[in-house]
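Student: I am new to this structure. Can you show me how to read its features, one at a time?

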Amino acid sequence: MDTSSRMNFANLAFRDLNRTNPCIKYVDSDVVLYVGSLNADIDVNEQEVVVERLMDDFNCVHTFLANELFSKLYHGFCKYHLRPIFHYMLPMCEKHGDQFDQGMWQAYISANKILADKVLEVANPETNYILIHDYHLMAVLVFLRNKRYRAKLGFFLQSPFLASAEIYRTLPVSADILKILLNCDLIGFHTFDFARHLLSCCSRMLGLDYESKRGQIGLDYSVKVKEFEGKFKGKHVIVGVDDMNLFKAISLKLLAFEQLLRKYENLRAIVVLVQIINPERSSGEDIEEVRREKYGTANRINQIYGSCGHQLVSLIDRPVDQCEKNACYAASECCIVNAVRDGMTLVPHMYIICGQGSSTVDEASGIMSYFPRTSVLIIYKYVGCSPSLSGAIRINSWDISSLAEAMHSAVTMDNSLRQLRHEQNYNYVQSHDVAYMARSFLHSMERACLDNYNYQCWGLGFSFTFKVAALSLGFQKLFFESIVPAYKKTNRRAIFLDFDGTLVPHFSTKNTAKLR
């Protein structure tokens with residue numbers, strides 16, 4: 001009997017894909033269909049119209065989730081448990097950090113079950129490719145695999161996976177989540193390091209072995225560039241665009257800027273830090289504490305080093321449309337991305353593309369089309385996109401002094417070096433756009449699914465312990481109903497028991513994880 005098995009069909013991949021909202025994509029040769037749920041309270045009388053509009057205009061199959069269920073899924077389990085753990089942090093809020101909320105976990109599972117059922121209504125996972133986005137929808141995998149053993153399932157984590165096994169195992173359902181993830185054919189990450197962290201957790205917590213094998217952004221700027229340049233005429237502008245939360249480390253950026261001004265007095269009249277703060281996605285005591293700290297530091301810097309009519313730190317704490325952000329990027333000499341916990345943030349890519357300019361921007365700024373393009377990017381060396389952007393100045397966000405010196409280098413750098421750094425970054429960004437990444441991921445998924453029909457598939461286990469054993473086509477399962485009667489009728493019986501390789505070569509049942 002051939003007892004070799006290939007458990008769970010799981011492969012791991014790393015890809016620099018652009019961030020998208022949590023959703024499920026069903027792909028065949030001609031159509032991409034999206035399955036998801038709007039974060040909106042839609043009147044019952046209008047739901048049918050909304051469903052038709054989403055399908056007709058966006059190829060989106062909408063699934064209605066009750067407000068309470070959605071809140072427990074997104075603002076509950078995902079925010080207070082999954083997001084901190086994946087960012088290598090324990091739950092931060094005292095109100096929720098002292099115990100695991102089983103109700104939030106049940107809501108997470110219930111919502112994922114509803115979405116999985118909707119996928120099965122509109123697609124055939126055995127002939128179509130199903131791509132699931134982000135940790136909000138991980139449990140969809142196990143429900144689809146349970147119904148379709150040969151389903152072509154891909155999952156992309158639009159978040160870092162920074163947790164070590166010691167931190168990750170503190171989540172009571174951590175092992176269940178790992179088993180859920182291993183039900184897909186291909187898992188995608190922003191960087192190889194994130195994949196390696198997950199593999200380590202699988203190895204240490206589940207005893208699995210593994211082996212390793214092998215955006216161009218269209219923007220239209222408008223006259224806002226000229227307005228922005230006029231406002232800060234004659235100044236070296238450093239820009240930052242971040243969410244209001246602990247992970248983005250805006251306070252560390254402000255402290256480094258304060259040290260820059262303290263050490264280099266000659267820069268006080270000619271340098272400005274423009275910090276755009278994106279609207280917070282949720283509220284809570286932790287958000288308010290972060291906000292108070294940011295404003296306290298910014299006000300102190302302006303009072304000590306600023307002057308009447310000249311603010312050294314400009315906090316833009318309001319909704320800012322993309323056009324205004326692009327203008328800010330285009331008019332800035334330096335962009336700082338110093339988040340201490342982040343995945344594939346698009347801020348560096350946007351800044352680089354805007355630094356390259358366009359005919360509209362050139363006209364507004366009075367620049368000739370052949371004028372050399374320059375930009376300086378300062379980035380935390382462990383941010384997901386850092387290894388890809390070779391022209392960036394890499395720093396340790398926790399080292400205030402090194403960040404301050406990086407700022408000084410950025411505003412005093414020779415123009416030829418600024419041009420060289422910009423070209424290195426731009427060459428990568430323009431050649432690795434979202435279309436390239438999508439094609440690359442789909443091709444990897446096709447290769448990962450090639451062997452699905454070369455094995456017999458048997459479902460093992462229940463609930464979140466469910467997995468598929470892929471056995472050779474010559475495998476014959478022994479059924480209780482046939483073995484017991486034959487055993488009773490036989491007078492002479494021989495039972496062979498194997499231990500530690502005495503009858504067949506010793507091997508460990510392992511997941512064939514491929515890092516692409």
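Tutor: Start with one residue and its neighbors. Contact means heavy atoms within 4.5 Å. Leaving out residues up to four places away in sequence, Ile378 touches Cys334, Cys335, Ile336, Val337, Ile393, Ile395, Leu403, Ala406, Met407 and Ala410.

Student: What kind of model is this?

Tutor: This is a predicted model: local features need pLDDT of at least 70, side-chain atom pairs count only at pLDDT 80 or more, and totals for chains, interfaces and linings use all residues. Residues are numbered from 1 along each chain as its sequence is written, and side-chain values use heavy atoms, with hydrogens and water left out.

Student: Which residues touch the most other members of the largest nonpolar core?

Tutor: In soluble globular proteins, nonpolar side chains tend to be buried together. A nonpolar core is a set of buried Ala, Val, Leu, Ile, Met, Phe, Trp, Tyr and Cys residues joined through side-chain atoms within 4.5 Å. Buried means under 20% relative accessible area, exposed over 50%, partly exposed in between (1.4 Å probe, protein chains only). Here the largest core has 71 residues, and Ile238, Phe257, Leu377, Ile378 and Met407 touch the most other members. A second, separate core has 64 residues, including Tyr135, Leu144, Leu198 and Leu208.

Student: How much of the protein is buried?

Tutor: Of its 516 residues, 49% count as buried.

Student: How many helices and strands are there?

Tutor: Helices (H or I, at least four residues) and strands (E, at least two) are DSSP runs, numbered from the N terminus. The protein has 18 helices and 16 strands.

Student: How far apart are the end C-alpha atoms of helix α8?

Tutor: The expected span of a helix is 1.5 Å times one less than its number of residues. Helix α8 (residues 192–206) has 15 residues, so it should span 21 Å; its end C-alpha atoms are 20 Å apart, which agrees. Its buried residues are Phe194, Ala195, His197, Leu198, Leu199, Cys201, Cys202 and Met205. Just after α8 comes Gly207, with a positive phi of about 75 degrees.

Student: What should I look for in phi at other residues?

Tutor: Most residues other than glycine have a negative phi. Asp134 has a positive one, near 75 degrees. Asp134 sits in the loop between β6 (129–133) and α5 (140–147). Asn59 also has a positive phi, near 55 degrees, and is in the loop between α1 (47–58) and β5 (60–62).

Student: Are these two residues buried or exposed?

Tutor: Asp134 counts as buried, because its relative accessibility is 5%. Asn59 has 31%, so it is partly exposed.

Student: How many salt bridges are there?

Tutor: A salt bridge is a side-chain nitrogen of Lys or Arg within 4 Å of a carboxyl oxygen of Asp or Glu. By this rule there are 13. One of them joins Arg204 and Glu166, with the closest N and O atoms 2.6 Å apart. This pair links distant parts of the chain: Arg204 is in helix α8 and Glu166 in helix α6 (residues 165–168), 38 residues apart. Another joins Asp242 and Lys253, with the closest N and O atoms 2.7 Å apart. Asp242 is in strand β9 (residues 236–243), and Lys253 is in helix α10 (residues 250–263). Both Asp242 and Lys253 are buried.

Student: Where is Ile495, and is it buried or exposed?

Tutor: Ile495 lies in the segment after α18 (480–489). At 61% relative accessibility, Ile495 counts as exposed.
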